[in-house]
Amino acid sequence: MNNLSLLKSDYRVLGVLTLCLIYALCGSPTPDQFGLVELVIGALLVISIGLICFFDTLTKINKDRFWIGAGQFFLSYGLVVSTLNGALQGQDFSSMIRDIVPFLYLFLPLFFLPAMRQSPSFFLFLMVGNVVIGICFSVRSLYDHEALLYLENMPTVLLACLLLLGGGIQLLCSKKNGYYKMIALCLILVSALPILAMVMTLQRASMGAVFLYVLMILTYLFWTRPQSAVLPIFVIAAFMLGLFTAYGHLAEGFFDKTDKVGLNMRPQEFWAVWQILKSDPYHFLFGTGWGGTFHSPAVANLRVNFTHNFFSSILLKTGVCGLILASTYIAGLLERLIRIILANPVIGLAISAPVLIDLLLYASFKSLDFGLVLLIIPAFLIYSRHSESS
């Protein structure tokens with residue numbers, strides 16, 4: 001079955017592409033309240049996943065794949081223990097929902113396993129969906145970056161940027177004819193959109209990842225195919241020089257931000273979470289439950305329901321027990337990600353950057369974007385195995 005036939009025949013693939021497009025054009029990663037757009041996206045997710053698959057994920061523990069079994073235990077713990085814990089501690093219902101929904105996004109790699117195994121080309125459409133979200137979010141951020149939707153923080157923006165750059169560099173290195181060289185130049189030029197969105201809002205970690213990624217990919221290509229790497233090095237150098245000439249004056253903003261905010265109070269934020277957990281054995285083991293809040297030093301000691309680090313946030317809401325389960329699940333996915341890096345550095349490193357940044361530095365792990373990026377990990381491996389065997 002070719003890819004177009006798959007799109008017509010598999011409603012799950014069509015559902016994911018549709019929700020990606022709606023989310024890209026109208027969605028908000030952190031909506032203040034759930035409106036029509038969020039309800040439509042949620043309905044498309046439910047239809048695409050299927051209730052049978054959802055309950056199978058909860059009840060049929062997979063012992064063959066470590067990351068799948070670890071994810072199932074973490075999912076069950078979060079839905080049962082942390083939900084009951086939040087209710088018993090009297091957490092606000094709407095705050096609990098705002099925690100549970102992004103928690104479920106973490107398990108999109110589990111929910112879509114049947115769809116990916118049945119239709120390995122799901123990976124290709126998923127990549128297109130992620131890139132479309134990243135580009136649309138970049139344009140929306142540039143058009144109205146004062147709307148405070150934090151679109152430029154989303155992992156799909158960085159992912160789109162790196163995939164476009166990596167894909168363009170790889171095409172320039174190939175022995176394809178001039179038509180493909182033009183496509184490569186177009187991909188590199190389009191990557192300027194997410195780069196500008198991140199530069200305009202002083203995303204230090206993301207821009208650092210872009211430069212490191214380009215350096216690593218060019219080094220890898222120069223090491224494996226030195227003659228073919230000359231053209232990409234020249235093109236990327238010219239591209240970066242053009243951006244710096246046009247927007248180099250913004251570089252001073254990065255240094256000013258670093259001088260003023262340093263690490264953005266991340267260590268102090270973790271310490272504030274730890275103070276809550278060490279107050280009694282119950283909170284230490286099980287946390288505050290979904291909906292739990294604390295005074296965060298990272299946002300002027302305002303009471304908020306999130307931290308800027310995945311692990312400290314999980315520690316706050318689910319305690320040490322939840323942190324252990326979450327860490328095993330994430331470790332399993334990262335092991336899969338290492339396999340992708342070894343098989344295809346261009347795609348593997350492009351996925352790694354937004355995943356690691358969101359786990360450690362940004363609060364964007366509480367978004368649909370993060371779940372969609374995680375979903376690429378098993379989708380790529382399933383697609384690769386299918387391609388090798390066919």
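Are Asp99 and Lys366 buried or exposed? Asp99 is buried, as is Lys366, where buried means under 20% relative accessible area, exposed over 50% and partly exposed in between (1.4 Å probe, protein chains only). The model is predicted, with local features requiring pLDDT of at least 70 and side-chain atom pairs pLDDT 80 or more, while totals for chains, interfaces and linings use all residues. Residues are numbered from 1 along each chain as its sequence is written, and side-chain values use heavy atoms, without hydrogens and water.

**View 1. Asp99, Lys317 and Lys366 are linked in a network of salt bridges.** A salt bridge is a side-chain nitrogen of Lys or Arg within 4 Å of a carboxyl oxygen of Asp or Glu. Asp99 pairs with Lys317, the closest N and O atoms being 2.7 Å apart. This pair links distant parts of the chain, Asp99 in helix H6 and Lys317 in helix H18, 218 residues apart. Helices (H or I, at least four residues) are DSSP runs numbered from the N terminus. Asp99 also forms a salt bridge with Lys366, again with closest N and O atoms 2.7 Å apart. Here the partners are 267 residues apart, and Lys366 lies in the loop between helix H19 (345-360) and H20.

**View 2. The largest cavity has a volume of about 120 Å³.** A cavity is a set of points on a 1 Å grid over the protein atoms alone where a 1.4 Å probe fits but cannot get out, and its lining residues have an atom within 4 Å of a point. The volume is the space filled by probe spheres set on the points, which are joined across faces, edges and corners. Among the lining residues are Asp99, Trp290, Phe310, Lys317 and Lys366. Helix H18 gives the largest share, four residues.

**View 3. The second largest cavity holds about 80 Å³ of space.** Its lining includes Arg65, Trp67, Leu113, Arg336 and Arg385. Helix H20 contributes the largest share of this lining, four residues.

**View 4. Glu335 and Arg339 meet in a salt bridge through their side chains (2.7 Å, N to O).** The two residues are separated by about one helical turn because they stand four residues apart in helix H18. Glu335 has 33% relative accessibility and therefore counts as partly exposed. Arg339, at 45% relative accessibility, likewise counts as partly exposed.

How values were computed
On a 1 Å grid over the protein atoms alone, a cavity is a set of points where a 1.4 Å probe fits but cannot get out, and a pocket is an open set with protein on both sides within 12 Å along at least five of seven lines; lining residues have an atom within 4 Å of a point.
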